[in-house]
Structures are given as C-alpha cells and as structure tokens.
Amino acid sequence: MDINILQILDILGTIAFAVSGVLAAMGQRLDLFGVLITAFVTAVGGGTLRDLLIGAQPVAWIQDINYTIIILITVAITIPFNRPIGNYKKTLLLCDSLGLGFFTIVGVQKGLLYGLHPAICVVLGTVTACFGGVIRDILLNNVPIIFRKNIYASACIIGAVLYLLSYQFLSLTLAVSEVICISVVVLIRIGSVKYDWHLPNIYKKK
Amino acid sequence: MDINILQILDILGTIAFAVSGVLAAMGQRLDLFGVLITAFVTAVGGGTLRDLLIGAQPVAWIQDINYTIIILITVAITIPFNRPIGNYKKTLLLCDSLGLGFFTIVGVQKGLLYGLHPAICVVLGTVTACFGGVIRDILLNNVPIIFRKNIYASACIIGAVLYLLSYQFLSLTLAVSEVICISVVVLIRIGSVKYDWHLPNIYKKK
Amino acid sequence: MDINILQILDILGTIAFAVSGVLAAMGQRLDLFGVLITAFVTAVGGGTLRDLLIGAQPVAWIQDINYTIIILITVAITIPFNRPIGNYKKTLLLCDSLGLGFFTIVGVQKGLLYGLHPAICVVLGTVTACFGGVIRDILLNNVPIIFRKNIYASACIIGAVLYLLSYQFLSLTLAVSEVICISVVVLIRIGSVKYDWHLPNIYKKK
C-alpha cells in the first residue's frame, strides 16, 4: 500500500468507525460475528456506496486486503474493553466525529478525482462519512443516525463546502484545507451533542 | 441538458417523488435535513438501483447536477405547505401515482437501450418506479409500500407490459404508448386506493 | 444457458432461497406480489451485492432471464403448499442450509475468477450466501438473520475456508472440494439449530 495523506485519513476513518461499530453492536449484545460484521459495515459502508455511485469498482476494500486486516485488528483490540457503554460515550462520540471529518475529505477528493461537479463532491463526502452509520442503523433496526435530533450530516456538508472553498477557490494548501475541514466537522458535531444544537424548526408551533 | 420527452418524464417523476418524500418526512416531523434527504432518496433511489443493476455508472444524478437542483427547488417550495398531512392525502396520492407512471417508462426505455430481455425491462421499469419509495420506507422504518395492502408494484408491471406491447409489438407511436402506460398506472393505483382493490387472496380462509 | 457444475449450484441455490423467501413471506401473510418479490430478493440479493462489489455488471439475473423464470416457477409451485409454517420448519431449514452451501461456493469461485485475495473470496462467498436473507429480513422489518442467536454466517466462512484449502492448497478435485464445503456448511448450520450451538460469549457474566 503506497501511503499518502489521503490514505492515512482513510485508514484513520476506518479505525474510528470500526470502533464505533463495535461499541454500537456490543450495546445490543450481539454475538462475536454480529459485532464483527457491524464494525465492518460501519467502517466500509459509506465508501462502498460512494464507489458504487461513481462506478469505482471493484470497491476499495475488495481490491485492498488492508481494510479487512485493519478492521479485524481494531475489533480484536476494542472488544475486550467491554464495559457498560455509558463509560465510553465520550470516546464513541470523539471516534465518530473524527471519522466523519476524515471520510468527508476522502469522499470529496474522490469526487474531484472523477471530475465531478463541486456540489456532487460535497454530496459524495457526506455519503462517505454518513452512510456507514446509516447502514449500521438499518441492520440493527435503529432509527438512522442522520434522522436523529442533533446535527450530523449537516456538519459534513459544512466541512465539505469549507474544504472545497479553501482548497479549490482560495488555493490554500491541502494540509491547511484538511485541518480546517476536520476541525469544523468535529467541533460542530461535538458542539451539537454537548449544547443540543439542532437545525432551524420547520414546523409551526402548536 | 439536451431535453427530449424521456428526460421530461424523468424530471416530472423526480419532482413528483420529491414532493411525496417531503410529505412523508414531515408526517414524521423530521428536521430540515431529514426532510431533504428523504425527498432526495425517494426521488433518485429507484433510478440509482436500476443504474447499479445494469452498470450505468456514474449513476444519473451523479453525472447531472440538474437532478440535485430540481430536488432542492421542489423541497424549498413544498416545505412551506406544512399543514396536517390529512389535507394533502389526495395531492400525495396523485403525485405518487404520476411518478410511478413516469418512472415506469423511463426504466423500461433504459432497459431497451441496453438491449435487455423484455421481461427484464418490465422489472427495471418497476424497480425504477417503486424502489425510491421502498428505500424511503426502510430509512423511515416503515413497512415498505410494496408490501402494504393496495396494489402498487402490480400497477407498474401492467403499465410496463402494455407499454412494451403497444410500442414494440403493435408499433404504435412512442407518444401514444406513453399515454397508455401512464394512464393505466395512474388509474390502477388511484382506483386501488379509492375502491380498495387488492390482489387475489392466496391464503385459505379460516 | 451453457450448463456447468457452478451454474447447477447457482440454480439449486436460487431455488432453495426462493422457497425460503416464499415461506418467510407467507408467514407474514403478504399478498401475492409481496410473496413474489420476497422470494426474488432472497434468491438474487446476495449474488447482486457480490456482483456490485466486484463490478460484474449487468448483474447476473439482469443478463440471464433464466433466473427470473426459475424463481417464478418455484414460487408458483411453493405457494399452494400453504399451511401453518410450523409444519415446514424442517424443510425451510434444509432449503436454507443447502442454499448457504451452494452459494458459498459460487461466491468464492467468482472471487477467484476476478483474481481477488483468498480472504476477500471468503467474504464474497459469505456475502453471496447470507445477504439475500439479510435483505429479505430488512424488507420484512425483522432482525437480520446473521444477528440472531445461532451460527449462520460463520458456517459459510468455515465452509469457504475449507473449500479454498482443499481446492487451492491441497489440490483436491473441484468435486471433492465442493462436497466438503457443502457438507460442512449444512452440518454446521443444522447442528447449530438442533443442538443450539453458538459462538463463544464475549460478554462478562453478571
């Protein structure tokens, strides 16, 4: 695996979402294989949907065995930390938020690589970051995370737009643009949980 | 966007299903982004699955930014009509039925374009028309619409078969075949709700 | 259709899963079309996901009308056997187990054909065998079968690994390797239901 910064972000996102998948699955007391598949789906689900939509097949994890190895190791390390999930809520939120930031950039970049419209690149960044969690929630029969109360996908959209603005239009360096995007996504996501931010109400008050 | 009649049908279907997605999401009081993504998924879900199955990638809405623009405008116009959903049931049913008719033709035509077997073209028409609603229902954790009581997918199948018969075998003009297909789908769908039509019972009476 | 042993396994798996789809759908008293689509999705869902992941499009059943014909005939024959599902539990388990065995081999072989890593071939065998049932369960709003108590996907993984070992590494004949794989999958799956086998517990005892 020829390593560059984008691949590092992809690996970090994979680890972060694999951890979040393990914690979600153990919260529902799935068996060993249930935990493994939940971690796998959470980690690769968003990138898989992105690759299918743009026709980048075989999808990333089918071509590159390293994804599978990384997820197996992450699961093996995470499972023994098997305590009541309450203790881990902060870790889970941090992992998930970092994963969102990393994968947003990976998705936007892959869209740019395929020469797609900037607005579609924003959508692909959001899909890459959010749909692993959505597929996990569908499998576990929970309400998908993007439909729950606090800001989730919106954080990725804002991060992706800022990334495109700073990298493509303001011509900042790649590293600076990435730091901006990840910081914004993580701060918005954590802030929305901590301070109960939500989108403007679209319903009439009763 | 070079406009022809098929693209007009595709646009009309997209608008119709985006409206139906907004109404369904607001019925469950999702937030702004939840409404937007539900509208998007309902409008592009069926066509996306069709394009994946036949390998027409990047899928339509990734290649053509106009889908995204049309859906955004439709959502922006539909949300302010935010009243108890009961008042809109007839509008919703009409939108949904028209969408079914439009997308059935789009799906069948795309199958013909790829040189597929007529029976598979019927399946692709039905997939294009019905699976946006199915994916919407899975995301919202409802029973998928094709499994509910009244005739839904069957209307598309009948419309698609009549379309193929009139266009391919009876050599009627494209316009006439399209009018036949859309009318039949809309009439069967609305009739099935209004007069409580359903498929023959396959279970023994108790 | 040029018949070879892999295609025979594919056909047998398709029939087995179509039967299991009909029985599952009739257990929930779906209407005729609901039963048909459930049978279809159960039979082709795993192979479709596999083909999408590796980019083998149009997917198998879109290219080859015989899948559709086989499923229609199977559904037409199975529906009249409409009795309380309890009586059929053994048939259902046997069908499902045989389907798992057949499709595991089909998936592994398709991975080898595409020159993929052996571990990815094992994943593809498991996906082909298990995800028809998973998609069926998501549509019917049940807990996906791979997350239920008894061993399911693990049987496919073990079967796929033994198949690769015996065929690729020990150079046994194809036929012997196939018999080993199918027997192991079926015995593990039936044994796990009959004797209540499950994976090692990963949770602390209370």
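Predicted model: local features only at pLDDT ≥ 70, side-chain atom pairs only at ≥ 80, totals over all residues.
Which residues of α4(B) are buried?

Residues are numbered from 1 along each chain as its sequence is written, while chains are lettered from A and ligands numbered from 1 in the order in which they are written.

**View 1. Helix α4 of chain B and its buried side.** The buried residues of α4(B) are B:Tyr67, B:Ile71, B:Thr74, B:Val75 and B:Thr78, where buried denotes 20 or more other C-beta atoms within 10 Å of a residue's own, exposed 12 or fewer, and partly exposed the range in between, with C-beta atoms placed from the backbone. These buried residues fall within an arc of 100° when seen down the axis of α4(B), so they line one face of the helix; the arc is that of the directions from the helix axis to the C-beta atoms. On the face turned away from the buried side, α4(B) carries the exposed residues B:Ile69, B:Ile73 and B:Ala76. The cover over the buried residues includes α1 (5–27), α2 and α3 (60–63) of chain B, helices (H or I, at least four residues) and strands (E, at least two) being DSSP runs numbered from the N terminus.

View 2. B:Gly45 counts as buried because it has 23 C-beta neighbours inside 10 Å. Leaving aside residues up to four places away in sequence, B:Gly45 touches B:Phe131, B:Gly132, B:Ile135 and B:Arg136, a contact requiring that the two C-beta atoms, placed from the backbone, lie within 7 Å. The C-alpha atoms of B:Gly45 and B:Val134 are separated by 8.5 Å, although these residues are 89 residues apart along the chain.

**View 3. The contact between chain B and chain A.** Chain B gives 20 residues to this contact and chain A gives 21 residues. On the side of chain B that touches chain A, α2 (32–54) and α6 (118–139) each supply at least two residues, and the largest share, six residues, comes from α2(B). That side divides into 13 nonpolar, five polar and two charged residues, with Ala, Val, Leu, Ile, Met, Phe, Trp, Tyr, Cys and Pro counted as nonpolar, Asp, Glu, Lys and Arg as charged, and the others, Gly among them, as polar. A rotation of 120° with 0.0 Å of shift along its axis superposes chain B on chain A at an RMSD of 0.0 Å, by least squares on the C-alpha atoms of residues with pLDDT of at least 70 in both. The copies use different surfaces, since 10% of the contact residues of chain B recur in chain A.

**View 4. The helices of chain A.** Chain A has eight helices and zero strands, and buried residues make up 55% of its 206 residues. Of the contacts in chain A with a separation of 6 or more, 69% join residues 24 or more positions apart.
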